[in-house]
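Have your viewer ready and follow along, one selection at a time.

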Amino acid sequence: MAASQIPNLNLLRRGRGRGRGGSRGVEDGHSTRTSGKDRVVQGTDNDASVSRLSAVELGYLVDPYAKALTPPGSATRRFPIINRGMCAGSDTRVFRLFTSRRPSDVIYHEIDFAVNTAAKIRAIRSTPNLQRALELDPASNDVTVSEAGDALHTPFYHIHPCDLRSLSPNLPLSEALPGVDRTLPTLLISECCLIYLSPTEAAQVVTFFTGHLFGPTYAPFVGSEEVQSSPIIAPLGLILYEPIRPNDPFGRTMVSNLAARGIQLQTLNKYASLEAQRARLLEQGFEAGQAAADIDFIWERWVNEEEKERVAGLEMLDEMEEWRLLARHYCISWGWRNGNNPGAFSGWTTLQAQPGE
Amino acid sequence: MSDLDRAIEQLRACRLIPESQVRELCYKARELLIEEGNVVSVDAPVTICGDIHGQFHDLMELFRVGGDVPDTNYLFMGDFVDRGFYSLESFLLLLCLKVRYPDRITLIRGNHESRQITTVYGFYDECIRKYGSANVWRYCCEVFDYLALGAIVLGASSELEPSGSGVNNMTQSTMPVDDGELETEVLNSRGEVTMSTYRPRQRSSSDASTDSRNISPPRDISAAPGQTAAPARTGAPGTGASGDGNGSATTSRTGAVLCVHGGLSPLIDSVDKIRLIDRKQEVPHEGAMCDLLWSDPDEIEGWGLSPRGAGFLFGGDIVKQFNHLNGLSLVARAHQLVMEGYKEMFDGGIVTVWSAPNYCYRCGNVAAILELGEDTSSGGTVARSNGEYGRSNGVVGADNTVVSPGRRYRVFEAAAQDTRGMPAKKPVADYFL
């Protein structure tokens, strides 16, 4: 990407700015080879979009952008249990985030397979609603789209066509993920993403962010006489959302059902429990805090009674036991390092986490 | 071979029957069901089954494990349709069997036997897909409206006839066998006993309270030396019958068993109140009929709000009181997935039976059916009532509880779909991806 992007970012840096990396990703823009397995993983994006749209149309979620990002003709009504669950899909978070925080104090990066990013960029280009949400002026120079139509860069929003497996410490930083400000407090989000990689690859991806992209940086020289200051280490957080507990009857069935669809959850055995998720975060450099909770816990403890009642009123849920089973097999884990800003993640210390396995 | 037998044969092979035949079948079924009361009386021996949910291949496995109709007397506690991919084949087969052998199979209504629920959970879509219109769905829904709301099982034996096929090295038993009567037995799908529990033989009314409900070890074995000798077991195999006619202070007659899909209702304090409901309608969103089909037992006291948005939660005190007032020894119900196929709660006062293995092709659970044997000690006569006789004629313990029936659970796993020469599509279970 053009190097001219970078100065823009510095101009637009705001106090509480946070970048965003990670996503579901794994095919790159450089290679035309797409393995069957990768295609299946890419397909999970559509699957999740359809689920999100179903939940939106039934009133579970408010998301005016879900429809534009779901392939036309694929809308399907899901069972209540899936509607109630969390679904990501061609992520609409950026649109919701930007419309709820104006002026925006967030810089948002998305990383995904080129095939998925190209579809998303097409959707943005053809949907005025999405452009408005991003406050894009197509006529302005602020917006650049790559020739292949799979990369998009604006002052606040970047879409990177990138195979996460290609992120290597040997890659020049300007080429890896152009537009990332390495000094800003940054939150990485992986929604059912790293789990599709091998344990080694998944660890390498995280290390790329913690050790390389957000490794120590130095303030630029202002004058030639100034002595270089101490390194800046950006506060960095990671939120993971993925399946856990593969070894009970439900988990075993999940693994075999997904395998029948060609979907392999490669790190599931390694990070099989809440405990293993916390240990993973600590091991991968999020030393200031690590926590985890399954979706059942989060539904019970984080969602207020009013919202539960609202959701219960949308559809009669005749799947309580199944819902609990399913919800216990997905977890959110989160960890953080404070870097040079001890208070960067202070809000996270009061979140209610789930103890034990 | 009659048309009906042909239809049964065809449906057993998981092939649908023509729409005109469905219409006729549903008409006949309605004529039959309209004659049934809201609470059907069923004589033991009987095999009680929980949710099926259109898992046709697993229903065939159930018949393999539990015996075929009409050899085995069945009671299905509803939720025949929705979720699985073969709701039509499953429900129509059960309905054919009902029409063909009305005295050997009892069907009661589950909360999914409803127009509203079937449009959300798959049966409606399946009808459209397989018949091209909503006609068959409408016929079936009309039958749903006539299904009984519950059943009372009478004449069950308190003691099981040992199945004799135990695999001793894997049997968890509460022993000793000699002095106790076999109260519960759990068998796997190969007919091997995997667990059994005994209770002290009833000596006098003051001992009745020591019965070991809830599949827990008997507490008072050592205090039983003066008990009568073990009875000669003369009952036919599989009936659970024993020849316990030994003139002890009590007879072995047990209290009646109420079978209902969901559970109890705060509006219903007696079985007779169920009989007063005007049931021939779509399942209402609230009220007694709704509660019977939607409620769940829970570890609470009294009544609680149900997270399902219909029915209530009810605690052990409610069950105990209801059973006592109605001379019942047990409430058998379905409605809730239990990973082990069955679950007894509240000192054995209520049991959940779940008969859909690997529910929704996703849950990884096993299924179970519950067999109640026939009590032959009273010479084969069975008191005809809703169980109210129980307090005077049944075994009454010091705390006025009646003795629970001997319970044999047959546990089974999901059928391998591709090994039976029946059409089966590879099911796709939803996950968050």
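Select B:His112 to begin: an unreviewed UniProt entry places the feature "active site" here (positions follow the numbering used here, and such annotations may be inferred rather than shown by experiment). Before going on, note that this is a predicted model, in which local features need pLDDT of at least 70 and side-chain atom pairs count only at pLDDT 80 or more, while totals for chains, interfaces and linings use all residues. Residues are numbered from 1 along each chain as its sequence is written, and chains are lettered from A in the order in which they are written.

B:His112 sits in the loop between β4 (105–107) and α5 (115–121) of chain B. Is B:His112 buried or exposed? B:His112 counts as buried because it has 29 C-beta neighbours inside 10 Å (the cut-off is 20 or more). Now show its contacts beyond four places in sequence, among them B:Asp79, B:Asp82 and B:Tyr121 (contact puts C-beta atoms, placed from the backbone, within 7 Å).

Next, select α2 (residues 19–33) and α4 (residues 87–100) of chain B, whose axes come within 10 Å and cross at roughly 50°. Residues to display include B:Leu25 and B:Leu32 in α2(B), along with B:Leu92 and B:Val99 in α4(B).

Finally, colour the interface: 29 residues of chain A are in contact with 25 residues of chain B. On the chain A side, α9(A) gives the largest share, eight residues.

Definitions and conventions: Two residues are in contact if their C-beta atoms, placed from the backbone, lie within 7 Å. Helices (H or I, at least four residues) and strands (E, at least two) are DSSP runs, numbered from the N terminus. Axes are lines fitted to C-alpha atoms, for helices over the stretch in contact, and angles run from 0 to 180 degrees between N-to-C directions. A residue is buried if 20 or more other C-beta atoms lie within 10 Å of its own, exposed if 12 or fewer, and partly exposed in between; C-beta atoms are placed from the backbone.
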